[in-house]
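Subject: Structure handover

Hello,

Here is the structure for you to look through. My notes follow below.

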Amino acid sequence: PTWPMFDTHKPDPLLDRPNAAQPGWYANVETNVLFVHLRNQLGGPVPNTLTGNMDFVKFAGNPLNPTASPRFEVGYRLADNWGSIQLGYRFLASRGTDQVISGPEDNIQALANQVGRVDFNLADLTYVSREFSLGPYWNMRWGAGLRAMFFFFDSQLQFINPAADVGTILKQTESNHLRAYGVWSFLDLERTMPIPGLAIFGRLEGTDFYARTSEVYTETVAGGPGAAPLGFVNRFDASVGPSILREVLGVSYTVPQWNYARFMLGYQYETFFHIGRQSPPDSSIDTRGQLDLHGLFLRGEFNF
């Protein structure tokens with residue numbers, strides 16, 4: 001005699017719904033076409049050894065060009081609706097130039113060219129869960145995990161046709177480097193529509209970091225007739241707590257009776273808070289940095 005054998009159906013039709021993505025490997029590709037607005041309120045003193053003064057480097061910063069911000073994800077979905085583990089990576093880079101009549105804090109006004117950059121890299125390890133508990137017309141996903149971010153932005157002010165007198169300011173720059181580590185989470189909600197495969201979806205995403213920033217201020221002045229320009233640098237390091245809040249709203253489409261791919265189109269708004277914040281010595285002005293992104297959201301999800 002042998003022990004009785006029970007034939008359990010795999011995959012489980014309640015835990016791994018036939019119309020949902022099945023267990024196994026998957027990859028997601030996301031492209032965001034974004035308008036970039038950097039609130040650059042950096043400012044710090046630079047010791048001018050030529051004049052013996054403490055010059056204050058602070059200017060508004062330049063506008064940035066629209067750009068694309070791709071994100072790539074690869075993961076493995078576990079059986080019996082135990083969720084999935086995924087790795088994600090995203091980056092953004094933008095540059096901008098303009099010409100202004102502006103000057104440093106010592107009230108010297110002159111025509112100047114501005115050029116600036118902003119770029120960041122985001123990497124995360126996330127656990128993602130899929131829920132079927134909201135009824136036949138609703139889908140929900142949530143995720144939580146660890147995230148790292150490396151962020152940089154700068155701006156340069158170059159005066160046009162400056163005087164050759166000793167100590168005349170030729171150029172000023174301000175930059176901020178940030179290295180951040182923290183946690184993040186997201187919530188996806190989707191409501192199916194009467195048209196087969198079509199749904200309305202929304203996403204709310206938040207990230208909280210612990211970070212170290214390095215703000216660098218430089219100033220270049222004329223050394224006088226026949227002399228090379230002189231440069232002065234000052235740097236400030238501090239701990240900050242940046243955060244990210246992202247909202248997405250749009251529509252999604254899954255080919256009916258075919259659960260191997262899903263495509264999403266929508267609008268997103270995202271804010272990076274406190275990417276630069278500290279009070280340099282000998283200054284009554286607190287520095288600030290904030291990045292706002294908004295634009296088109298495109299996403300494709302592929303299951304293997």
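How many salt bridges does a search of the whole structure find? The search finds 19, a salt bridge being a side-chain nitrogen of Lys or Arg within 4 Å of a carboxyl oxygen of Asp or Glu.

This is a predicted model, in which local features need pLDDT of at least 70 and side-chain atom pairs count only at pLDDT 80 or more, while totals for chains, interfaces and linings use all residues. Residues are numbered from 1 along each chain as its sequence is written, and side-chain values use heavy atoms, with hydrogens and water left out.

One of the salt bridges joins R299 and E30, whose closest N and O atoms are 2.7 Å apart. R299 is in strand β13 (residues 288-303) and E30 in strand β1 (residues 24-41), so the pair ties together parts 269 residues apart in sequence. Strands here are DSSP runs of E, at least two residues, numbered from the N terminus. R299 counts as buried because its relative accessibility is 6%; E30, at 2%, is buried too. Buried means under 20% relative accessible area, exposed over 50%, and partly exposed in between, with a 1.4 Å probe and protein chains only.

R235 and D237 also meet in a salt bridge, at 3.1 Å from N to O. R235 counts as exposed at 52% relative accessibility, and D237 as partly exposed at 42%.

E174, in strand β8 (residues 169-192), is buried yet has no salt bridge. The nearest side chain of opposite charge is K58, 6.7 Å away; Lys and Arg count as positive, Asp and Glu as negative, and His and the chain ends are not counted.

Regards

Technical notes:
Helices (H or I, at least four residues) and strands (E, at least two) are DSSP runs, numbered from the N terminus.
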